[in-house]
Each structure stands twice: as C-alpha cells, then as structure tokens.
Amino acid sequence: MATDAPPPSKGDSEPTAVPPSTEEFVAVQQSAEFAELRTAYRSFAFPLTIAFIAWYLVYVLLSNYAGDFMGTKVIGNINVALVLGLAQFLTTFLIAWWYSRHAAAKLDPKADAIKSRMEGGA
C-alpha cells in the first residue's frame, strides 16, 4: 500500500534514544527490583504449570488405564471422559485469564518501572 507521506528526513529535531549498555543490563539484572519481579513471576507460573501438567497427565492416565470409569455415563451420551476433556479446555482458559490479571496487577507495574529507568525516563 503506497502512502503520500514522504519518508522521514535524517535531520529531524527529535533525538534518537541510545540503547542501554551491557553493563546497565547486567546491573539491572542483579538489582533487587529485578529479583522481585522474577520471584513474582516464578511464584505464579511454576506452581500453575506443574499443577496443569499433573492434571493433564491424570486425564491421560485415566483414559489409558481406567476405561470403565471414563466410560461412565453422566447425562445421556455424555461420559466422564468428555466432561474431563472439556474441563481441560476450561482450565486452560481460566489459567490464562488468571495469569493476565496477575501480570497486570503485579508484574507489569514492576516491569514498566524497570523499563522506564533503563530507557532514561526515571
């Protein structure tokens, strides 16, 4: 798609941002603020990941070794296997929703503060 606007000229008055140096990245990575951000992320993500993988493995193992149980009718032609299979999708979406709320409340403010300091805004 063509535009009528000319390309930006090299002589614009806006200063270009200087990227942070390697030393600045290392200093931020070793800071208490970054460690706090990393801990907040890991304390949420790791337990939920382990719990979801365990829940998925239970479903797979039940499907392989407990066929009679999984074939038990719940309502009409709906059996336990279908209910648990749909519950897998439900828990996936619930975890994603929960993580987005957690990130917005706990992770994003800390990450934004670090980012603005690294970009020279603070």
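The model is predicted, so local features are given only where pLDDT is at least 70 and side-chain atom pairs count only at pLDDT 80 or more, while totals for chains, interfaces and linings use all residues. Residues are numbered from 1 along each chain as its sequence is written, and side-chain values use heavy atoms, with hydrogens and water left out.

## Overall fold

The protein has 4 helices and 2 strands, which follow the pattern α-α-α-β-β-α when read along the sequence. Helices (H or I, at least four residues) and strands (E, at least two) are DSSP runs, numbered from the N terminus. Of the 122 residues, 16% count as buried, where buried means under 20% relative accessible area, exposed means over 50%, and partly exposed lies in between (1.4 Å probe, protein chains only). The accessible surface comes to about 9700 Å², and 65% of this area belongs to carbon and sulfur atoms; such areas come from the Shrake-Rupley method with a 1.4 Å probe, and for residues only the protein chains shown count as cover. Among contacts (heavy atoms within 4.5 Å) between residues at least 6 apart in sequence, 63% join residues at least 24 apart.

## Helix 2 and its partners

Helix 2 covers residues 32-65, and its 34 residues reach 48 Å from the first C-alpha to the last, close to the 50 Å expected at 1.5 Å a residue; the expected span is taken as 1.5 Å times one less than the number of residues.

Leaving aside neighbours within four places in sequence, Tyr41 is in contact with Tyr99 and Leu107. Tyr41 and Leu107 are 66 residues apart in sequence, yet their C-alpha atoms are 6.9 Å apart in space.

## Salt bridges

Side chains of opposite charge can pair when their charged atoms come close. A search of the whole structure finds 2 salt bridges, each defined as a side-chain nitrogen of Lys or Arg within 4 Å of a carboxyl oxygen of Asp or Glu.

| Salt bridge | Closest N and O atoms |
|---|---|
| Arg117 and Glu33 | 2.3 Å |
| Glu36 and Lys110 | 3.3 Å |

The pair of Arg117 in helix 4 and Glu33 in helix 2 links distant parts of the chain, 84 residues apart. Glu36 lies in helix 2 and Lys110 in helix 4, so this pair ties together parts that are 74 residues apart in sequence. Arg117 counts as partly exposed at 35% relative accessibility, as does Glu33 at 28%. Glu36 is partly exposed with a relative accessible area of 46%, and Lys110 is likewise partly exposed at 23%.

## A nonpolar patch on the surface

Val74, Ile75, Ile78, Leu82, Val83, Leu86, Phe89 and Phe93 form a nonpolar patch on the surface, with about 800 Å² of accessible area together. The elements that give two or more residues to the patch are strand 1 (73-75) and helix 4 (80-118), and the largest share, 5 residues, comes from helix 4. Patches are made of residues with over 30% relative accessible area and no salt bridge, like charges being joined within 9 Å and nonpolar side chains (Val, Leu, Ile, Met, Phe, Trp, Tyr) within 5 Å.
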